[in-house]
Amino acid sequence: MPVKTYREAINEALHQAMREDSTVIVLGEEVSGGAGCDGSRDAYGGVMGVTKGLLPAYGEARVIDTPITESAIIGAAAGAAQTGLRPVAELMFMDFFGVCFDQIYNQAAKFHYMFGGKAQCPMVIRCTTGAGWRAGAQHSQNLTQMVTMVPGLKVVCPTNAYDAKGLMLQAIKDNDCVIFVEDKILYDTSCEVPDEMYTLPFGEAKFYREGSDLTIVAISNPMHKVLAVADKLAAEGITCDVIDPRTTSPLDEEAILESVEMTGRLVVVDEMTPRCGIASDISSIVAEKAFRSLRAPIRKVTAAHSPVPFAPNLEDAWMPQESDIESAIRDVLEYV
Amino acid sequence: MSTDTNTLLKPKSTEQVLDSEQFLKAYRSMRTIRAFEDRISEQFMKGNIPGFLHLYSGQEAVAAGLCLLLNDDDYVISTHRGHGHCIAKGADVVAMMKEIMAKQGGLCDGKGGSMHIADFDKGMLGANAIVGGGPPIIVGAALSAKTLGTDRVGVAFGGDGSSNQGTTFEAMNLAVVLKLPAIFLFENNGYGEGTHARYAVGSKDIASRAQGFGMPAYQVDGTDLFAVYETCREAVAHCRAGKGPVTIEATVPRFKGHFEGDPQAYRGEKEVETLMKEQDCLVMARARAVKEKLVKAKDLDRIDQEVAELIDEATQAALAAPAPEDSELLKNVYSSDY
């Protein structure tokens, strides 16, 4: 099977969806790049190169470079979704949600319910997230929790290229507003990805590892740090269920609860600030629904309660690291 | 029409622009809006309507004049003061009354209410309770029209209040950049809630501000149905011809408070009384049409009677209808599996 990067997998999904369905459009800042300039078009293909090649293939009517105008991009996508198109809007950095949040949580998320089921909003909002690029406080945040809490939105955060393609094709087919969170650290990671189209269902967790001593749930990029730690522990004879929910809304509660009921121990890892984050949410669900199974306190490993700092040493300290994950795991395992 | 963006535009002619059939249709629409608003005001005071109400009374000529030019598959998006737009676009008045009373059979199954009333079969994409929330969405509807190659237009109603919102600026700019068939129709009723437009609108008017985005802009007396119709006729033709967006600023009176129950201490002595006496679009439209022998007074009287009966019927039906079932709570949060 061919090996593709996370970037290539999403690009291929977009190509295939656009080829199959003429109502799929892509819009956003620099999705092609070079509009109105003297040089060449498709100069960027999206800030991370994910939409490269779409403009030459599908033309300006369906691959739309916008001004820097986040509220209008998301509003336009929502209005187009209500009236017959399937827009995939790119927001570049998840940090920019603040500029256009009304159009996401008051508009797109609510159309279907607020209008008695008579409107649909089949749109995807792609955004990049995650620290580690030394990009500072306004280009590094993972704000997945802010959209996960909104009824009407679905939230997808793939951790590998295979999942990214299948989940993107599902997101475009879905009739709700889907927030597609791409961790920028993952763009150059690769794995086997089939050439043909396939979808992966929302709300079905993936088990990266299976074991009986501990349950680890991780969201987005920290998953790869978790796997390194889990493999290290495996060499010591400690086996873990390592669960990637893949979508935070809907959330596969059942997979997490079943695992915790077996292992009795839970560590949850995300790269969000610690209050009201996904790790907190999953912890509360387990505390509420699987309390009797727990044999140790739940531990969360998250980012620090501060803006993301610029200085590399500080940013590294801000992010959850393998050592933090390992230490939390050992604490939970040693608790009697 | 001219696409000159340096001069504010006025309609070319207000002479005999409406034929009698069109006038009767517009008059029925205006009368229905007025009677509907009067009735729900009364029902609100009786405690039969939950929540907030923002009434359109005084602004009827704008919705009615524009919607004469639109088809069911053209799009409008409205504001928190949206009943008039909904009625003019052709929504069923009985289902509207049920919605506003939070009853089964309401346009949105009782989930939306006055501030989120919508009728997608009529291209009415919803009242919107976020001031400035609608313009970006109508850009999307206009984008659909352009991308799918239909000749539909999208109209975003707004007020002097929404004219100051950043979302509105972004929407106007994007509509120009993508040359979309969108109309930004600002009904300047003088008030954003309890603050006057002469304080809150930094430019001397809204239309010239829109011109700054590079689109033609009209100013029109929104109490004059004939002038509204002619202005909108030119604007809609401009959009359907693929020439890009247009802004219209229509000056209108607000006969009611920001919301029902608003004591309106901020309004001048006898201000509302004078506006209702001197700037009632229904009275003016009727007087002109009869004077110019476009229609007969008795035909208008008959419409008044029919509308009164319809509003009675809608009120009785809505009062009698059951509230939504409790089991509806979690229905339609998502449209695909969750």
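## The model and its confidence

Before we start, please keep in mind that this is a predicted model, in which local features need pLDDT of at least 70, side-chain atom pairs count only at pLDDT 80 or more, and totals for chains, interfaces and linings use all residues. Residues are numbered from 1 along each chain as its sequence is written, while chains are lettered from A and ligands numbered from 1 in the order in which they are written.

The pLDDT score is the predictor's confidence in each residue, from 0 to 100. Chain B has a mean pLDDT of 95, with 97% of its residues at 70 or more. For the complex, the predictor reports an ipTM of 0.95 and a pTM of 0.96.

## Chain B as a whole

You will find 12 helices and 7 strands in chain B. Both kinds of element are DSSP runs numbered from the N terminus: helices are H or I with at least four residues, and strands are E with at least two. Along the principal axes, the C-alpha atoms of chain B fill a box of roughly 60 × 55 × 40 Å.

Of the 338 residues in chain B, 58% are buried. A residue is buried if 20 or more other C-beta atoms lie within 10 Å of its own, exposed if 12 or fewer, and partly exposed in between, with C-beta atoms placed from the backbone. Asp280(B), in the loop between α10 (271-278) and α11 (281-291) of chain B, counts as buried because it has 20 C-beta neighbours inside 10 Å. Its C-alpha atom is separated by 27 Å from that of Gly134(B), and the two residues are 146 residues apart along the chain.

## The sheet of chain A

Chain A holds an open sheet of 7 strands with mixed pairing, in the order β3-β2-β4-β5-β7-β6-β12. Strands β3 (63-65) and β12 (247-249) of chain A stand at the edges with a single partner strand each, so one side of each has no neighbour in the sheet. Two strands pair if DSSP finds at least two bridges between them.

Strand β4 (residues 86-93) of chain A is largely enclosed by the rest of the structure, because 7 of its 8 residues are buried. β4(A) pairs in the parallel sense with strand β2 (residues 24-28) of chain A over 5 bridges, and Leu27(A) has Ala89(A) as its bridge partner in β4(A). Strand β5 (residues 124-129) of chain A also runs parallel to β4(A), joined by 4 bridges; here Val88(A) is partnered by Val124(A) in β5(A). Further along, strands β6 (residues 153-156) and β7 (residues 177-183) of chain A form a parallel pair over 4 bridges, with Leu153(A) opposite Cys177(A) in β7(A).

## Where the chains meet

The contact takes 37 residues from chain B and 38 residues from chain A, where two residues are in contact if their C-beta atoms, placed from the backbone, lie within 7 Å. On the side of chain B that touches chain A, the elements giving two or more residues are α5 (134-148) and α6 (166-177) of chain B. The most comes from α5(B), with 10 residues.
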